Structures are given as C-alpha cells and as structure tokens.
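Work through the exercises below with the sequence and the model open. Try each task before reading its solution.

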Amino acid sequence: MKKRKRALITGITGQDGSYLAEYLLKKNYEVYGLVRRTSLDPMMRIETVAHHPNVRLIYGNLRDSASIARALNESKPDEIYNLAAQSDVGISFKCPEETMEVNYFGLGRLLIEAMTIVPKAKIYHASTSEMFGDTRPPQNETSKFSPVSPYGVAKLMAYEDYVRGYRKKYGMFICSGILFNHESPRRGEHFVTRKITISLAKIKLGLQQCLILGNLNARRDWGFAGDYVRAMHMMLQQKKPGDYVIATGVSHSVRDFVEAAAAELDMTMSWSGKGTKEVGKDRSGNVIVKIDKKFYRPREVHDLRGDSSKARKELNWKPELSFTELVRMMTRADLEMIATRRRS
Ligand code: NAP
Ligand code: G4F
C-alpha cells in the first residue's frame, strides 16, 4: 500500500491553514498542525478541522526553536507549509518587533531545525504582495520589491535571506507563494473585507448603525482563500522549487467592496463629501459609512494587482471564484451567522 504523505502546517488555526488542512485531508494526507497556547483552547477555534481524526495538533510557537524541533520530530513531514505569521499590516506598525520575530526569525528557526530533522521535506513559505509596496501594478515575480510597512519588510527579509538564500546555499526545496489578498467567510474580523461584511450585515439587521473605515481608495486584488491554498499544494508537487505570484489580475477599491457588499444585502448606497468627511448613505438618507483617521496607516500600499501568468502556465493554476461571487459568499455567510446568533 502507498504510504500516506504527511504535512505539517504552521498557522493551522488561521484562515489559510484551515482551508489548506481540509484540502490536504481530501487528498488523503496525514495532517499535523502547530498551534500556540492561547487563553481560548485551539480545539474550540478551528471547529472545521480540529475534530477530524487525521488532524493532529502539536503545541509550539515560531518563537521557540525547541518546540519547532519537537513538532518536526513528532510529525516527520514530507511537506511543511509555513503559514504562521503576525499577519495584520496595520498592527505591524504598532508591534514591529513581534512582527519581525515571527515573520522573519520564525522562518529561520523552522529552516534550521528542518535542515537536520527532515532534510528532504519540501517547504512552502507564505510570502506576500505587501512586499511590492510602492511598486505600481501589475506586479509579478520580476517586479521591484519596495515594502512600506514593518510587515512587508519582515516578509521581504524572510524571502531574501531564507527562501532564496537557503535554496541557493543549502539546496533546500523551498517555494514561496507571493500571494495577493485572499478572503473568505473565515477571514479575521479586523481585515477590511470581513469588517465590511460583518458590519453591513449587522446594519441590515438593525444591530449596528454605522461602519467606520479608513482609506476607501486603496485598491486590492481580492481572491478566494480556497482557490489560493490549491496553489500552495501545487507548488510543492513541482520537480524544482520556485516563487509564484498568485492573484486574480483584477483589482477593486475598498469603496467598490463596500458597494458590492451593500448591493448583496439590497442596500443601495450613495457617497457624498470628501476625504475624512466622506460618508455613505442608504436610500433613506441614513449615514451607514463614516471615515475615521485612526484606521489610516502611517504608510499605505495604494494599488495591488497581480500578474500570475507564471503560476497559470507552470502550475496550471487559475482562480475559480470571481470578485462578485466572493463578496456574495462572505456577505451571505455573515448575514446568516449574525441572524442565527440573534435568534439563539
Ligand atoms: P491568519 O488568519 O492571521 O493566521 C495566522 C496564523 O499564524 C494563525 O494560526 C496564528 O495563530 C498563527 N501564529 C501567529 N503567530 C504565531 C506564532 N508566534 N507561532 C505559531 N503560530 C503563530 O493569516 P492568513 O490570512 O491565514 O495568512 C496565512 C499566511 O499567509 C500568513 O503568513 C500571512 O502573512 C500570509 N499572507 C496572507 C494573505 C491573505 O490575504 N490572507 C496574503 C499574502 C500572504 P493564532 O490562531 O493563535 O493567532
Ligand atoms: O484588509 P487589510 O487589512 O489587508 P492588507 O493590509 O492588504 O493585508 C492583507 O493582505 C496582504 C497581502 O497583500 C497580506 F500579506 C496581509 O497578511 C493581509 O492578509 O487592508 C486592505 C486595505 C488597506 O489599504 C487598508 O488601509 O483596506 C484599507 N482599509 C480601509 N479601512 C482598512 C480599513 N483596513 C482595515 N484592516 N480596517 C479598516 O477599517
């Protein structure tokens, strides 16, 4: 009988980790997940995967080499997916050290342990479009990196020193996915898309008056997380390691996202005013969107739109869900979740 492949996922409690775990389980992998100690037990937080008999959770932390070594010894993975990160760009300005510790040194600790414990393991690392920073779209693997946040800087250092560096120096099989924004009903509630869909659903149900946002003009290339984890797996099935941009190729502004989510909820919107005085009103003239400077960042990435031709050609990857379908999925899920909570 063919031996089942083993995968270790760091960041399994996050959005991507949960979709990836489900995807690998369907492919008959044995899935291990590194989880850190938190006040709320991880078993309570990943209902979707934690109770599956093939997901084995191992306590550990990317800040702790001994725990990483133990996780590798216990799981002996064929494939490692390093998704753990301080992944909030806005927070990275407030907690730059934590961001650097996890997003840069964390990968270094993992690679150093993997090199001796599982030298043949194939490794995926989560890079990001935030590394492009100021560079104008469309961005691809050859575009200039010009990060503007501590998050982007830490991810770029990890990419250059460890992904490219260790691949070259030690011949390790390390791939990195330069993923553009991807969302889902499991997206953390502080990211702008989820904040919008939750707030508008609450406004629709009369549980909240107003959604308060920062920069409405920022543009992002938003795809569906379920499509993006397929690409992570595809990268590790290649003969040679590489770096791949994963994106839809279409961008929208934060304002477009608000309008699309409102339309899904049958809330027609109109905008008036400028800058921080801009407001969005519903058809009865009630102000349902306002701006607060506190949600602006010290430095902003204004425009991201990825060119994923390389992944489409070499991996045969393409996204399946459109922007409209993504907004619909997220809006409906939040409306249902909030309506259910209200009933119970
Ligand atoms: P997420 O939902 O914020 O999940 C982050 C995960 O990292 C969580 O499981 C978190 O655990 C874990 N984690 C944080 N610090 C840790 C530490 N010190 N040790 C161990 N685990 C730790 O992020 P995501 O959206 O799934 O993103 C996955 C990866 O892709 C991240 O590296 C992110 O930077 C990158 N990325 C994401 C996007 C996107 O649009 N989603 C785009 C490009 C790149 P807790 O549950 O305990 O907090
Ligand atoms: O949803 P966001 O917080 O995502 P951001 O900063 O693009 O980062 C996400 O995508 C990256 C890939 O490009 C990942 F690497 C990273 O881990 C994360 O998953 O913000 C999107 C845009 C920004 O321009 C922000 O300034 O929305 C703008 N925005 C406007 N009002 C807001 C808000 N963002 C948040 N979080 N909250 C607001 O109220």
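**Exercise 1. Count the salt bridges between domain 1 and domain 2, and name the partners.**

Solution. 
- Step 1: apply the rule, a side-chain nitrogen of Lys or Arg within 4 Å of a carboxyl oxygen of Asp or Glu.
- Step 2: between domain 1 and domain 2 the count is one salt bridge.
- Step 3: D134 pairs with R299, and their closest N and O atoms are 3.4 Å apart.
- Step 4: R299 sits in the loop between β15 (287–291) and α11 (309–314). D134 sits in the loop between β5 (122–128) and α7 (150–170). The two are 165 residues apart, so the pair links distant parts of the chain. Helices (H or I, at least four residues) and strands (E, at least two) are DSSP runs, numbered from the N terminus.
- Step 5: The whole structure has 18 salt bridges.

In general, side chains of opposite charge can pair when their charged atoms come close.

This is a predicted model: local features need pLDDT of at least 70, side-chain atom pairs count only at pLDDT 80 or more, and totals for chains, interfaces and linings use all residues. Residues are numbered from 1 along each chain as its sequence is written, chains are lettered from A and ligands numbered from 1 in the order in which they are written, and side-chain values use heavy atoms, with hydrogens and water left out.

**Exercise 2. Describe the interface of domain 1 and domain 2.**

Solution. 
- Step 1: Domain 1 is 6–184 + 222–249 + 304–321, and domain 2 is 192–218 + 253–300 + 326–343.
- Step 2: count the residues in contact (heavy atoms within 4.5 Å). Domain 1 gives eleven residues and domain 2 gives 13 residues.
- Step 3: take the buried area, meaning the accessible area (1.4 Å probe) that two parts lose on being put together, summed over both. The value is about 1,100 Å², with 71% from carbon and sulfur atoms.
- Step 4: find the main contributors. F93, V148 and W222 supply 47% of the area that domain 1 buries against domain 2, more than any other three residues.
- Step 5: look for polar contacts (N or O atoms within 3.5 Å; within protein, one able to donate a hydrogen and the other to accept it, with sequence neighbours counting only if both atoms are side-chain atoms). Two residue pairs qualify across the interface, both at pLDDT 80 or more.
- Step 6: assign elements. On the side of domain 1 that touches domain 2, α5 (89–94) and β10 (223–224) each supply at least two residues. α5 gives the most, with three residues.

**Exercise 3. Which residues are closest to ligand 2, and which polar atoms meet the ligand?**

Solution. 
- Step 1: 22 residues surround ligand 2 (a heavy atom within 4 Å). The closest are T128, S129, Y151, R297 and E300.
- Step 2: check side chains. A polar side-chain atom of E300 is 2.6 Å from an oxygen atom of ligand 2. For Y151, a polar side-chain atom lies 2.8 Å from an oxygen atom of ligand 2.
- Step 3: check the backbone. A polar backbone atom of H190 is 2.9 Å from a nitrogen atom of ligand 2.

**Exercise 4. Where is the cis peptide bond?**

Solution. 
- Step 1: the cis bond joins P137 and P138, with omega about 0°.
- Step 2: P138 is in the loop between β5 and α7.

Conventions: Domains from an automatic or database assignment.
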